[in-house]
Amino acid sequence: MTRYLSNLVFISVLISVGGCAVSSGLPATAIPEPEIAAAYMPLHARVHLGIDTADGAAMVITPGIAVTNAHNANLLEPKSVIGVRQDYDLLFFRTPRMGAPQTAAPVIGQSVTAYGQGASRELRLARGVVREIKQCLGCSAPAYFVFVGNAGPGFSGGPVLDGTGKLVGITFGYKDQGRERLIYAYDMARVRAELSALGKAAN
């Protein structure tokens with residue numbers, strides 16, 4: 001189980017202090033994939049005793065249930081939270097939304113697009129190429145995958161799509177390596193496995 005990785009910066013919520021925050025990625029007017037657009041949930045809240053604002057993202061993955069990163073918990077109503085899988089920085093919560101997008105597995109070498117939030121609550125996107133898929137010892141699903149791109153703060157908990165518009169992952173961290181930025185995302189098979197494990201733990 002992998003949550004804490006050496007030299008990895010979690011794509012923690014984008015925090016705006018007096019309008020000084022800088023957005024990651026590129027501006028986007030809308031998400032063109034209808035299923036993804038319907039399932040995408042921008043997260044926004046006031047933090048630090050209401051002095052600052054913070055932004056992140058979440059995705060509906062099954063009717064009535066959405067996922068984001070556990071470190072986004074302060075952007076949600078506590079009563080909506082179903083549970084947290086801390087080893088994977090995943091948090092599941094209830095939502096009235098019922099639509100859920102189609103999913104697929106990431107493939108090394110494929111182009112992907114990630115969505116997140118900017119410093120002014122605007123939609124942002126980041127494009128990249130899958131470089132590595134990390135397996136989980138003793139697990140039936142990969143732990144996470146890595147793609148090269150320009151996502152950063154504000155993309156926390158947001159979706160990663162393949163070239164056909166299917167959901168392949170949920171972002172959770174990044175690491176700058178030379179001139180490249182490596183973005184880390186949980187494979188949707190891992191996300192589903194953790195939701196299932198959460199349900200079993202509650203029984």
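Student: Let's start with the cysteines. What is a disulfide, in general?

Tutor: It is a covalent bond linking the sulfur atoms of two cysteines. In this predicted model, the count comes to one disulfide.

Student: Which residues form the disulfide, and how far apart are their sulfur atoms?

Tutor: Cys 136 pairs with Cys 139, and their sulfur atoms lie 2.1 Å apart.

Student: Is Cys 136 buried or exposed?

Tutor: Buried means under 20% relative accessible area. Cys 136 has 7% relative accessibility, so Cys 136 counts as buried.

Student: Good, now a loop. Where is Ser 80 found?

Tutor: Look between strand 6 (65–69) and strand 7 (81–85): Ser 80 sits in the loop there. Ser 80 counts as buried because its relative accessibility is 16%. Leaving aside residues up to four places away in sequence, Ser 80 touches Phe 93 and Arg 94.

Student: And which strand holds Arg 127?

Tutor: Arg 127 belongs to strand 10, which covers residues 123–134. With a relative accessible area of 54%, Arg 127 is exposed.

Student: What does Arg 127 touch?

Tutor: Not counting residues up to four places away in sequence, its contacts include Leu 26, Val 112, Thr 113 and Val 148. Take Val 148: Arg 127 and Val 148 are 21 residues apart in sequence, and 8.1 Å apart in space from C-alpha to C-alpha.

Note on methods:
Residues are numbered from 1 along each chain as its sequence is written. This is a predicted model: local features need pLDDT of at least 70, side-chain atom pairs count only at pLDDT 80 or more; totals for chains, interfaces and linings use all residues. Side-chain values use heavy atoms; hydrogens and water are left out. A disulfide is a pair of cysteine sulfur atoms within 2.5 Å. Buried means under 20% relative accessible area, exposed over 50%, partly exposed in between (1.4 Å probe, protein chains only). Helices (H or I, at least four residues) and strands (E, at least two) are DSSP runs, numbered from the N terminus. Contact means heavy atoms within 4.5 Å.
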